[in-house]
Amino acid sequence: MSSTDADVGLIGPKSDPKIYTFHVHGMHCSACPLLIEETFKELPNIASARASLANHQVIVTGEFAGSPEKIAEELTKLVKSHGYTISLERMKKDAGWKDFVYALPIALVVIVGFLALQKAGLTNLITSSNVSYGTAFVIGLIASVSTCLAIVGGLVLSLSASSAKEGGTWRTQTLFHLGRLGGFFVLGGIIGVIGNSLHLGLTANIVLGIIVALVMLILGINLLDVFHFAKRLQLTMPKWLSKHVVRGAKHDHFLAPVLVGIGTFFLPCGFTQSMQLYALTTGSFLEGALTMTAFALGTLPVLALLSFGSLNIAHKPWKGIFFKTAGIIVIALALFNLANAFATAGIINPLFNF
Amino acid sequence: MNKAVLVSVCISALLIFGAFWFAGKPANVDSSSAVSTVNGKQLIDISAKGGYSPRVVLAKAGVPTVLRVSTKGTFDCSSSLVIPKLQYQKYLQPTGTEEISIGASQARGTLHGLCGMGMYNFQIKFQ
């Protein structure tokens, strides 16, 4: 830095490269710093850019004209479309703690409602023991508001709210649901033909349950947007998830949401598993496929409501409350799933009774 | 603002308290109708649908026991039965009866059974 203009702060005449430190608002993911760096480096007058997720800053070296405020404004224009704002001051969280005033009671009402649904004995609505496609659809409907909601719904809510928060579009959510329906059709057909279940063993089930719970826990904490340590935790999350599912939303990653949709076939959900057990007794591709598809269609309304609802609300003025509400619910469901997984493993005694 | 916080905290506390009261209601203990003895073997009948019933069974310890879990149009979690202590796991048929033998040496203490996702459970107390 040249010393001649040190006293006037950052307003330099020209030529000498200067180092500026700006705050970045809106950095959520491990891929964000890279994106910002790459965007800035494309400018001819910027020699280098280093962004850091940990302290939400970007350090740029280059030749600039105008005041730092002006520079921040110019830089913001470049990355605005990705949802970032560059500023001199650390931007205050305008929708911060006071959102919890609404978010906490709302989340608790939803959680208590969920518990009440479990006690209501919805499963007794299923009276027939032979499964028509209509029955499979009804079982799907019931499954989507029952215990499966804790794991499948929780995962959908955490992924879609996170995706919406990162600027994801309806395309990601649609691809997820298409993946789920298609996956249930094909995999349902396969188990119908081979007459053998694709069930995971007990250990795999428990491990999968714990992984899903941990992913939900991290996404939930991120949705709260108050603890910065969780952002660093996200780095330890599988790359394909943090990059493709949460963020890849906007770009050309068609595959990730589809794969996650297909993957829900294997999620530990009692209803899904007993439907699979039925599908494999059919002994035909088409019957197995249609049974599983009918079941998946039954779960679609609630899951679609969760994912497209999050997307819609993400553009409303009270989105801060929504993301915090979703965060609390997702964290609660994650802990619920975690406790259940440990109980199933025989490590702890069951905590919940329905 | 402060008033809003106060109201929010009160409602939240009430809901949390309510949830615990709701979920923590004592289970009905049943030992008479669920346990029977045939030819020196202890039979325990539990039905699985939307949970297990009865939820708590009192049985005799140290007796060879057969646990019979019956399903009737069961498509929910309770059809994937796990008994961690016996390292038992099975996806039960939607309708049918599953017999699980518990050796005399295993029939002691409390045996927890739960569904694959852990939401529903039952316990057999051998005493």
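Predicted model: local features only at pLDDT ≥ 70, side-chain atom pairs only at ≥ 80, totals over all residues.

In chain B, strand β4(B) runs parallel to strand β10(B), which spans residues 121-126, and the two are joined over four bridges. In general, the strands of a sheet pair through backbone hydrogen bonds, in either the parallel or the antiparallel sense.

The pairing of β4 with β10 belongs to an open sheet of five strands in chain B, ordered β4-β10-β9-β6-β7, in which the pairing is mixed. At the edges lie β4 (56-59) and β7 (88-91) of chain B, each of which pairs on one side only. Between neighbouring strands of this sheet the average turn is 15 degrees, with direction ignored. The sheet also receives an element from the other chain: helix α11 of chain A, residues 270-282, packs on it and touches β6 (80-83), β7 and β9 (109-115) of chain B, while the direction of the helix makes about 65 degrees with that of β7(B).

Turning to chain A as a whole, it holds 13 helices and four strands, and 44% of its 354 residues are buried. Among the contacts in chain A between residues at least 6 apart in sequence, 76% link residues at least 24 apart. A:Val138, which is found in helix α4 (residues 133-144) of chain A, lies 7.4 Å from A:Phe295, C-alpha to C-alpha, although 157 residues separate them in sequence.

Definitions and conventions: Residues numbered from 1 in each chain as written. Chains lettered and ligands numbered in written order. Pairing = 2+ DSSP bridges. Axes fitted to C-alpha atoms, helices over the stretch in contact; angles between N-to-C directions. Contact = placed C-beta atoms within 7 Å. Buried ≥ 20, exposed ≤ 12 C-beta atoms within 10 Å, placed from the backbone.
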